[in-house]
Amino acid sequence: MRAALAAVAALLLLPAAPAHADVRPWADAALAPVDRANALLAQMTLDEKIAELHGGGNCGYVGCVPANTRLGIPPIHLQDGPVGVGDGLTGVTQLPAPVAGAATFDVDAMRQYGAVLGSEQWGKGTNVVLAPTVNIVRDPRWGRAFESFGEDPYLAGQVGAADITGIQGQGPLAQVKHYAVYNQETSRNSPADNAIVSARAEREIYLPAFETAITSGQAASAMCSYSAINGPFACENGPLLNGILKGDLAFPGFVTADWGATHSTVASANNGLDMEMPGADFFGAALKTAVQNGSVAQSTVDDKVRRILTQMFRLGLFDRAQTGTTGAVVTTAAHQATAQQIAEQGSVLLKNAGPVLPVAPAVHSIAVVGPGAGPDAMPQGGGSAAVNASRLVTPVQGLTARAPAGVTVRYAQGAPSASGALPAFTGAFTTQFFNNTTLTGAPVATRTDSSIDFMFGGASPQPGVTATNWSAKWTGTLRAPTTGTYQFSLTSDDGSRLFVNNTQVINNFFNQGSTTRTGSIALTAGQTVPIEIDYFQAGGASNVTFGWQPPGQTLHDQAVSTAATSDLAVVVVNNFESEGSDLANISLSAAQNQLVADVAAANPNTVVVVNSGSAVAMPWAAAVRGIVEAWYPGQEYGTALARLLFGDVNFSGRLPVTFPQSLADVPAATAAQFPGTAGTVQYSEGIDVGYRWYDATARTPLFPFGFGLSYTSFGYANLTVSAPDASGIVTVGFDVTNTGPRTGTETPQVYVGQPASTGEPPKNLRGFTKVTLAPGLSQHVTIPLDARSFQFWNNGWTTAAGVNQVFVGASSRDVRLTGSVTIGGGTSQPLPRTGWTATSTPSSGDVPANLFDGNAATRWSTGTPMANGQTLTVDMAAPRSISRIVMDSAGSASDFARGYQVFTSTDGVNFGTPVATGTGTAAVVTVSFPARTARYVRIVQTGSSTFWWSIAELTAFS
């Protein structure tokens, strides 16, 4: 009975007790995750192992691996995405786009961002979150630029790791994506998207953010991309997956294919892919056949399953029950406050002539202009990153709510809506709500509304009304100002219909996603007619907007007239981007550019607010007084914008991407570079990506990387640059002073300029921080620069010996302080092995001395099959600086270490924590780690195999 109870407990995913370990040793939480994984793996059949490596049937999530009830393995529920809980689920928080998070330059803010994301995903029953996206914005036309962290690998790595920490701290596993060299949508997931990129560009630009996500963020999993890189697709690319990710970077987690990005069975399995999604075309029956016929080794399958199980054990998926469901409401006031905070901190003030901002007390009327200011507000991009907002505060709503008494806010749409929606109608409506979808029976709630422009987000619209399956009726009157044909629009999710003068003008009364339909009717000047709008909600998201356009007026002229008679004009412009397609250029629509130019001509106090996922061209920049880059700011958009414009909070955002003067200035300006020609995409700009390109080619951007204004000013002084310490860390110190009239937050940035002989661009970002100061106060800031800051890739990380420049400033082009540090070193060199000795457990006739005899025909071996815990300890005779070891099995295809941990010691007794962990995949196993001084190196086998573990020659490098 006791054993049966233990089995039931494990099936229910209850915490395991040691007393049950004899039944299910993997249920013992006191064991190391890899040991629990190995114990469970030993009990699995081949079919059960393969079942963990591919998607199953529909379970309500975008990806599903069913539970194994026999062994108590919980199901895996994978869900989009990087901006919030996606894939159509409701009751969630729509966060600002990740590019806005990157614009905060604040790792603490991004940790909060990740915590909201992780908490809501966990509450929805998700245990693998498909986030974050850390790919580099190589070109501003990339359709997914908004869901990434900008153009700089150091910034992307730091904020990405913080995001991962926040996600995984709430329960789910994070899946960092998309590994690797994924920077465009054109021809994606086809051989035509074959990125031809140098090893140096890979290592210095496109892979560092993934490295930081692994080393600092401890990401549990990675998603391989749609790209082909130098030939093979990413998900079957052995050099990238086995060689770099699992080899050099010692990634202990598992690799999942982007949806539909698996193109083979044997090549994918042998080259490092661990999980196919969303189905089983290649890693189901086909993988079993490949194992049975010897095309894929059983040990390869075991390694994949071990990786998945180890991360599930590490993050507690076996040890606590997950009770969340897709229908749960997980948004909270605290989460919405975080969304607002990120929108505030990520918005970037690009221009403030006058200053025109914050809104002055003399301003008594504000014209809010543009489709993006009203019902067509653009809080998010498209594709898998789209999130159903629990509500949406538009710019006009936010500014109207914040404007002090005596300040009038007037809205003018100014340009046609992309959806066909017209400006919201303003009047007096009696509103009745019904707890059914048929508007029948007695209303359960009644109120008055001045307009019909609501984003309910799947929530109850009024106390007493259910959150789903309800309806509403708005009744009022319209007095025609002129004779002619009146245009009306209704936008709704789900259904709506309009009656004017008792005639149905629009029928939008369908169970549907948000849809706009229009209609018209002729009216006579002075005629007063009844109007009625009916609406029903049948589950899921919910919104409704009623708009109109009287005859004889153009939207454009109406907006210009409204701006001309206002003290301040705020024009909101949109540039939409989405997964699945790239932008043709970086220009706004001609109608929007003309609207900005004409409003600016009519009102000298014009501020433009830009919603975009990356850089846009601004031909009107010189004509307006203020420019704000708000990105895609999420559901709390209007509130955040109003607080910034009125000065309730100070701007502190900085650009994570360079804004060029025109498309001709971007690094990948030729068709061969973007989107590619003749089946290849040439990354011929090499490491000169983003601001590096503008610096290297002496081009002046419209706005540089790292730029952002404040309502105050800051001074820098007293720079110090230390010599490298034993770990190669250089400490930069300086003072920052608030020299302006308001409390504000500065973002000091530290760049390194390596010697010209390295071929590096003039400067690379290597550190940043945030400093908040009241007027007149100063703070001493210290920023450590790690050894990588002074290295470049030359078939290995190579120290940039000589004088390295250190630049401290407020942007990549606003350098305030300059210093230098002299770095010694050069290419990593093999250490002489004279006097070296070694011991091993177990020992065999293949003695350890064979490791150092220079003869590849002789070798050391265990003499028994590989097993977890076998060790090889090398005494290098004296302390030495060491950063890499190479275990060469002399061409053997079977006896390299299946798994390993590397430890170092100065005394041979105290070895501490591993300096590297990884999995061998070929006869030569290269293990790199941060340079350290040690005399002893210990290699511990963590894998298992029927083959012996042997090494013909072991070499170490400085």
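## Helices 15 and 16

Helix 15, spanning residues 555-564, and helix 16, spanning residues 590-602, pack at an angle of about 30°, and their axes lie 8 Å apart. In this predicted model, helix 15 and helix 16 are therefore roughly parallel to each other, since angles under 35 degrees count as roughly parallel. The crossing that helix 15 and helix 16 form is right-handed.

On the side of helix 15, the residues that take part are His556, Ala559, Val560, Ala563 and Ala564, and these meet Gln594, Leu595, Asp598, Val599 and Ala602 of helix 16. Sorted by class, the contact of helix 15 with helix 16 consists of seven nonpolar, two polar and one charged residues. An α-helix has 3.6 residues a turn, so residues three or four places apart point the same way.

## Helices 13 and 17

Helix 13 contributes Gln340, Ala343 and Glu344 to the contact, while helix 17 contributes Thr639, Ala640, Arg643 and Leu644. The residues in this contact of helix 13 with helix 17 divide by class into three nonpolar, two polar and two charged.

## Helix 12

Helix 12 runs over residues 298-314, a stretch of 17 residues, and reaches 24 Å from its first C-alpha to its last, which is close to the 24 Å expected at 1.5 Å a residue. Helix 12 is mostly covered, with 13 of its 17 residues buried. Following helix 12 is Gly316, which has a positive phi, near 85°.

## Buried loop residues

Asn127 is located in the loop that joins helix 5 (107-123) and strand 3 (128-130), and with a relative accessible area of 3% Asn127 is buried. When its neighbours within four places in sequence are left aside, Asn127 is in contact with Pro75, Ile76, His77, Trp122, Pro172, Leu173, Leu317 and Gln322. Asn127 and Asn855 are 728 residues apart in sequence, and the separation in space, C-alpha to C-alpha, is 50 Å. Another loop asparagine, Asn237, lies between strand 7 (228-229) and helix 9 (238-248), and at 3% relative accessibility Asn237 counts as buried. Residues up to four places away in sequence not being counted, Asn237 touches Ile229, Pro232, Asn242 and Asn271.

Pro140 sits in the loop between strand 3 and helix 6 (153-168), where its relative accessibility of 9% means that Pro140 counts as buried. Apart from its neighbours within four places in sequence, Pro140 is in contact with Glu577, Leu583, Ile586, Ser614, Ala615 and Val666. Pro140 and Ala668 are 528 residues apart in sequence, yet they lie 9.7 Å apart in space, C-alpha to C-alpha.

## Cis peptide bonds

Most residues other than glycine have a negative phi, and most peptide bonds are trans. Against that background, the peptide bond from Met277 to Pro278 is cis, with omega near 5°, and Pro278 is found in the loop between helix 10 (266-270) and helix 11 (285-292).

The peptide bond from Asp493 to Asp494 is also cis, with omega near 15°. Asp494 belongs to the loop between strand 16 (484-493) and strand 17 (495-500).

Asn230 has a phi near 50°, a positive value in a residue other than glycine. Asn230 lies in the loop between strand 7 and helix 9, and at 39% relative accessibility Asn230 counts as partly exposed.

Asn502 likewise has a positive phi, of about 65°, although Asn502 is not a glycine. The loop that holds Asn502 runs between strand 17 and strand 18 (503-508), and at 67% relative accessibility Asn502 counts as exposed.

Note on methods:
Residues are numbered from 1 along each chain as its sequence is written. This is a predicted model: local features need pLDDT of at least 70, side-chain atom pairs count only at pLDDT 80 or more; totals for chains, interfaces and linings use all residues. Side-chain values use heavy atoms; hydrogens and water are left out. Contact means heavy atoms within 4.5 Å. Helices (H or I, at least four residues) and strands (E, at least two) are DSSP runs, numbered from the N terminus. Ala, Val, Leu, Ile, Met, Phe, Trp, Tyr, Cys and Pro count as nonpolar, Asp, Glu, Lys and Arg as charged, and the others, Gly among them, as polar. The expected span of a helix is 1.5 Å times one less than its number of residues. Buried means under 20% relative accessible area, exposed over 50%, partly exposed in between (1.4 Å probe, protein chains only). Axes are lines fitted to C-alpha atoms, for helices over the stretch in contact, and angles run from 0 to 180 degrees between N-to-C directions. Angles under 35 degrees count as roughly parallel, over 145 as roughly antiparallel, 65 to 115 as roughly perpendicular and the rest as oblique. A crossing is left-handed if the near helix is turned anticlockwise from the far one by less than a right angle, and right-handed if clockwise.
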